[in-house]
Amino acid sequence: MTITVASPKYVLFLAIIFFFLFSLATFIWASTIAVYFRPIVKYDHNGEKFLAYLPHSGLSNQRNELENALMLAIYLNRTLIVPPAFLGKLPGWHPGNSMDQDMTRKTEPQSWWYRCNDKYAINDGPCNEKTDYLTVPWEFLHEDMIELDIPMRHIRHVSTKKIQKLLSLDDSEIYQQQDKSMYSWVLCDKPRDQCPPVRVGGGNKYDDQWVIEDLQKIPHTLIQLQGMFGSNRVGVSGQEHLELRTKVQEALTYKNPIIDAVTANIVNEMGGKHSYLAVHVRMGNRQFLGNLQNTIAQEIAFLEHELAKMECKQPSSTNCTSPLKIYLATDARNPRTNADLAPLFERFPDAAILDDFSHLLSPLEQAAEVAQPPQESVARFMLPIIESMVSAHAKAFMGTPGSTYSRYIARLHSVYQSSKYSD
Ligand SMILES: Nc1nc2c(ncn2[C@@H]2O[C@H](COP(=O)(O)OP(=O)(O)O)[C@@H](O)[C@H]2O)c(=O)[nH]1
Ligand SMILES: [Mg+2]
């Protein structure tokens with residue numbers, strides 16, 4: 001049978017080809033070209049003003065920045081542009097525009113043909129680089145953030161240029177802070193004459209001191225700050241501010257059904273809430289190595305002391321009210337064969353680690369629904385969070401001095417001691 005040019009089969013064939021090409025062109029247009037060449041519409045913000053900052057470092061450092069930024073947004077009555085939480089590796093603070101550039105590159109949405117399907121990581125390029133970090137919205141980790149009475153806009157693409165486009169701002173409407181160092185400024189939330197003097201170069205951590213009024217005077221629609229990290233960087237004093245910070249900190253307690261369920265199953269296998277002891281050994285960064293032996297010795301002494309309080313000579317001794325288990329949270333690879341951790345395992349050979357619960361971790365893959373960039377497996381990025389939560393549900397906890405990650409676990413631990421969290 002021959003198909004002639006005018007035959008219905010030929011027309012149908014052409015129609016299918018045309019439909020296919022049209023769909024493909026529309027898809028390419030919608031996912032790439034239209035995004036970059038959208039006409040600029042000038043929005044009227046009706047007096048609404050914005051505050052943005054750039055995240056850096058590990059998860060607890062980022063949360064500290066978020067907490068500072070939320071307090072500052074309250075003081076200035078500005079809407080906070082909230083970046084996502086970065087799990088995995090995120091570089092520390094760096095000067096100039098490089099942090100903004102790095103963020104822009106890391107969070108840029110990828111074109112549809114470039115979606116990290118390269119399982120074997122053969123090609124160079126942003127997809128392969130991205131496999132060592134993952135972003136999720138902060139609200140995914142802390143669902144109570146939604147209860148906070150602070151205007152927020154959550155973004156996924158962290159870039160000053162992108163925020164400028166999103167808010168349709170001219171250059172003149174943006175106040176761009178250029179930090180001289182990681183601790184460039186500190187904010188005092190009192191009248192200037194009541195603020196402690198900052199002696200530049202006099203051993204002070206911060207270079208400069210601002211008061212709220214200084215920032216309130218800035219007329220620009222967007223204040224774009226750089227780093228926000230530092231304990232007490234945004235001052236909190238007086239009853240009203242202290243109460244607000246308590247609310248912010250409460251909202252930044254982990255709350256997510258997937259994470260909660262995985263934690264509950266591990267805690268259950270550990271014997272239940274408040275029934276075991278936990279320590280956190282932070283050793284993955286050079287800054288913790290100098291004091292590591294000391295830290296481990298202190299943690300062993302802490303565990304001995306806690307056991308003695310309960311008249312337990314060994315975690316499993318029969319005269320204890322109930323045999324006690326020990327949980328070790330750590331960023332060490334292969335903790336059981338790590339030479340630095342040997343003294344701990346020699347003294348407590350049955351101490352549990354996260355690897356012992358690998359059969360309970362697969363539900364964490366559900367985080368893929370909100371995670372970017374797309375990855376083969378996302379569960380591994382969630383593990384440090386599970387470590388924190390399991391440790392925080394212990395009867396007693398000790399962390400690594402100087403680690404903000406440990407400090408946050410200690411905070412969670414005291415929250416979880418309250419009746420609200422005990423069954
Ligand atoms: N798997 C695992 N990772 C951890 C643990 N503790 C810390 N980390 C990792 O180390 C980072 C801690 O960084 P950061 O928040 O800057 O805290 P700090 O450096 O300890 O003050 C986290 O984002 C985790 O990726 C742990 O117990 N287990
Ligand atoms: Mg750190």
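**Helix α2**

Helix α2 is mostly covered, with 16 of its 18 residues buried. The model described here is a predicted one. From the first C-alpha of α2 to the last, the 18 residues reach 25 Å, close to the 26 Å expected at 1.5 Å a residue. Asn77 follows α2, and its phi is positive, near 55°.

Asn77 is found in the loop between α2 and β2. The positive phi of about 55° occurs here although Asn77 is not a glycine. Most residues other than glycine have a negative phi. In contrast to the mostly covered helix α2, Asn77 is partly exposed, because 13 other C-beta atoms lie within 10 Å of its own, and a residue counts as buried only if that number is 20 or more.

**Overall composition**

The protein has 13 helices and 12 strands. Of its 423 residues, 32% count as buried. Among contacts in the protein with a separation of 6 or more, 74% are accounted for by residues 24 or more positions apart.

**The nonpolar core**

The largest nonpolar core has 87 residues, and those with the most contacts inside it are Leu51, Ala69, Tyr327 and Met382. Helix α2 (residues 59-76) gives the most to this core, contributing eight residues. Both domain 1 (50-251) and domain 2 (257-421) give residues to the core, so it lies between them.

The surroundings of Tyr327 may be described in detail. Leaving aside residues up to four places away in sequence, Tyr327 touches Met270, Tyr276, Ala278, Ala352, Val390, Ser391 and Ala394.

**The five-stranded sheet**

Five strands form an open sheet in the order β5-β2-β1-β9-β6, with parallel pairing. The edges are held by β5 (152-154) and β6 (174-176); each has a single partner strand, so one side of each is left without a neighbour in the sheet. From one strand to the next, the twist averages 20°.

Helix α2 packs on this sheet, where it touches β1 (50-52) and β2 (79-82). The direction of α2 makes about 160° with that of β1.

**The three-stranded sheet**

A further open sheet consists of three strands in the order β11-β10-β12, again with parallel pairing. Here β11 (325-330) and β12 (396-398) stand at the edges, and each has a single partner strand, so one side of each lacks a neighbour in the sheet. The twist averages 15° from one strand to the next.

Strands β10 and β11 run parallel and are joined by six bridges. His280 stands opposite Ala329 in β11. Helix α10 (residues 292-309) lies across β10, β11 and β12, and runs at about 170° to β10.

**The loop between α9 and β10**

Gly272 has its place in the loop between α9 and β10. His274 lies in the loop between α9 (257-269) and β10 (276-281) as well. Phi of His274 is near 60°, a positive value in a residue other than glycine. His274 counts as partly exposed because it has 16 C-beta neighbours inside 10 Å, a number between the 12 or fewer of an exposed residue and the 20 or more of a buried one.

Gly272 is likewise partly exposed, with 15 other C-beta atoms within 10 Å. Between the C-alpha atoms of Gly272 and Lys395 there is a separation of 9.7 Å, although these residues are 123 residues apart along the chain.

**A cis peptide bond**

Most peptide bonds are trans. Gln372 and Pro373, however, are joined by a cis peptide bond, with omega about -10°. Pro373 lies in the loop between α11 (342-347) and α12 (379-392).

Definitions and conventions:
Residues are numbered from 1 along each chain as its sequence is written. Chains are lettered from A and ligands numbered from 1 in the order in which they are written. This is a predicted model: local features need pLDDT of at least 70, side-chain atom pairs count only at pLDDT 80 or more; totals for chains, interfaces and linings use all residues. A nonpolar core is a set of buried Ala, Val, Leu, Ile, Met, Phe, Trp, Tyr and Cys residues joined through C-beta atoms within 7 Å. Helices (H or I, at least four residues) and strands (E, at least two) are DSSP runs, numbered from the N terminus. Domain bounds come from an automatic or database domain assignment. Two residues are in contact if their C-beta atoms, placed from the backbone, lie within 7 Å. Two strands pair if DSSP finds at least two bridges between them. Axes are lines fitted to C-alpha atoms, for helices over the stretch in contact, and angles run from 0 to 180 degrees between N-to-C directions. The expected span of a helix is 1.5 Å times one less than its number of residues.
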